[in-house]
Amino acid sequence: MELESIAEKLDKYFSRLERGKAAKIKPAHVEKVIAKLQAKQQLLQEELRAAEKASKKSRLENKLVTVCEQVERAEWLLDKIGT
């Protein structure tokens, strides 16, 4: 998901929030998700170091890229909703 579409979703969220149609996202919730993603990132890095098969390494590398992108988006969201 591109940051542009994330920004659009955030704009829609703030619009729903103003109308009382959405619950406020709490920074603590986002921080909790970031912590879980970072733990997953560590686990994947350990598995990658231990992997021997090329196919497994490739799969783990793809998962690691995805987790890194998710951490980046979560940090961006945290910045936008304020801490």
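1. Among contacts in the protein (contact means heavy atoms within 4.5 Å) between residues at least 6 apart in sequence, 64% join residues at least 24 apart. Do keep in mind that this is a predicted model, where local features need pLDDT of at least 70 and side-chain atom pairs count only at pLDDT 80 or more, while totals for chains, interfaces and linings use all residues. Residues are numbered from 1 along each chain as its sequence is written, and side-chain values use heavy atoms, with hydrogens and water left out.

2. Now for the overall plan. The protein has three helices and zero strands, where helices (H or I, at least four residues) and strands (E, at least two) are DSSP runs, numbered from the N terminus. Read from the N terminus, the order is α-α-α. The radius of gyration is 16 Å, well over the 12 Å that the globule rule gives for 83 residues, so the protein is more spread out than a compact globule. That radius is taken over C-alpha atoms, and the globule rule is 2.2 Å times the number of residues to the power 0.38. Along its principal axes, the C-alpha trace spans about 55 × 25 × 20 Å.

3. How much of the protein is buried? Buried residues make up 20% of the 83 residues; buried means under 20% relative accessible area, exposed over 50%, and partly exposed in between (1.4 Å probe, protein chains only). The accessible surface comes to about 6300 Å², and 51% of it belongs to carbon and sulfur atoms. These areas come from the Shrake-Rupley method with a 1.4 Å probe, and for residues only the protein chains shown count as cover.

4. Let's visit helix H1, residues 3-18, where you will find Leu17. Leu17 is partly exposed, with a relative accessible area of 24%. Leaving out residues up to four places away in sequence, Leu17 touches Ala22, Ala23 and Lys24. Looking back along the chain, Leu17 and Ile6 are eleven residues apart in sequence and 16 Å apart in space, C-alpha to C-alpha.

5. Helix H2 covers residues 27-50, and its 24 residues reach 35 Å from first C-alpha to last, close to the 34 Å expected at 1.5 Å a residue. The expected span is 1.5 Å times one less than the number of residues in the helix. Which residues of H2 are buried? They are Val30, Ile34, Leu37, Gln41 and Leu44.

6. Gln41 in helix H2 deserves a look of its own. With a relative accessibility of 18%, Gln41 counts as buried. Not counting residues up to four places away in sequence, Gln41 touches Leu64, Val67, Cys68 and Val71. Among the buried residues of H3 are Leu64, Val67 and Val71.

7. Helix H3 has 28 residues and reaches 41 Å from its first C-alpha to its last, close to the 40 Å expected at 1.5 Å a residue. Its buried residues include Leu60, Ala74, Trp76, Leu78 and Ile81. Just after H3, Gly82 takes a positive phi of about 85 degrees.

8. Glu75 sits in helix H3 and is partly exposed, with a relative accessible area of 41%. Which residues does Glu75 contact, leaving aside its neighbours within four places in sequence? They are Ile34 and Gln38. The C-alpha atoms of Glu75 and Val33 are separated by 9.8 Å, although the two residues are 42 apart along the chain. Ser58 also belongs to helix H3, and at 35% relative accessibility Ser58 counts as partly exposed. Ser58 and Lys21 are 37 residues apart along the chain, and their C-alpha atoms are separated by 42 Å.
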